[in-house]
Amino acid sequence: MGRDELLRSLRTRIADDRVVDAIAAVPREHFVAPALAAAAYVDAPLRIGGGQTISQPTVVARMCELLELSPTDRVLDVGSGSGYHAAVLSRLCARVRGIELDPRLAARAARSLAVAGIDNVTICAGDGALGLPGEAPFDAINVAATARDVVPAALERQLAVGGRLVAPVAHDGREHLVLVRRGPNGFERHLLEPVRFVPLR
Ligand code: SAH
């Protein structure tokens, strides 16, 4: 599958045109190993080293759509990996803070973002399950590694009122996307479609 074919296919399945425009604006080949550049626009996860994978474009698009981002939003990206998902998010909001457990991946993501000319994303190395309390609250939080049973409470607490969070959650051997909205009176949680991600460690 080539780039144009991927974008055409996304437009039939993703209702929010801004999200597909954001995917179109980010060169995915900058975020994969040079050996995989030819496969950069296949709608599949790709290896990024350290046993981790860059998420499938359809899944990245779907998660961005669920976050209903606006241009002034501040976003936290947990499990930044290659930095690709953070790059797509950055086209839809004001600023992205990324956090990645593997310091080598975090350093490489920062380089890839610089090469792609993206300057509103900062990636740091650390445990994303704790979030970045010093930078909270966030208008949106994207989690790209699977939490066990529930969304980490520390992350929910770092949402602004009106904020949205999307995360894969495993429960009873099944894994689904969970969408959390923080309203004035508490959290609303919705169980959505099945997905597969690497575990949140
Ligand atoms: N969003 C990434 C792919 C995510 S793969 C991209 O676009 O490339 C999931 C990532 O989560 C992996 O890189 C893994 O190292 C990271 N991860 C797992 N547990 C984590 C934790 N507790 N804190 C931060 N990152 C974590």
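## Confidence

The model is predicted, and the mean pLDDT of the protein is 96. Residues that reach 70 or more make up 100% of the protein.

Strand S1 (residues 46–49) has the lowest mean pLDDT, at 87. Strand S6 (residues 138–143) has the highest, at 99.

## Overall fold

The protein has 6 helices and 10 strands. Its radius of gyration is 15 Å, close to the 17 Å that the globule rule gives for 201 residues, so the protein is as compact as a globular protein of that length. Along the principal axes, the C-alpha atoms fill a box of roughly 45 × 40 × 35 Å.

Of the 201 residues, 51% are buried. Among contacts with a separation of 6 or more, 53% join residues 24 or more positions apart.

## Largest pocket

The volume of the largest pocket is about 580 Å³. Its lining takes in 39 residues. Nearest the centre lie Ser55, Ala144, Ala145, Phe197 and Val198.

By residue class, the lining of the largest pocket holds 19 nonpolar residues. Another 13 are polar, and 7 are charged.

How values were computed:
Residues numbered from 1 in each chain as written. Predicted model: local features only at pLDDT ≥ 70, side-chain atom pairs only at ≥ 80, totals over all residues. Heavy atoms only, no water. pLDDT = per-residue confidence, 0-100. Helix = DSSP H or I, 4+ residues; strand = E, 2+ residues; numbered from the N terminus. 1 Å grid on protein atoms, 1.4 Å probe; cavity = no way out; pocket = protein on both sides within 12 Å on 5 of 7 lines; lining within 4 Å. Points joined across faces, edges and corners; volume = space filled by probe spheres on them. Nonpolar A, V, L, I, M, F, W, Y, C, P; charged D, E, K, R; others polar. Rg over C-alpha atoms; globule rule 2.2 N^0.38 Å. Buried < 20%, exposed > 50% of the residue type's maximum accessible area, 1.4 Å probe, protein only. Contact = heavy atoms within 4.5 Å.
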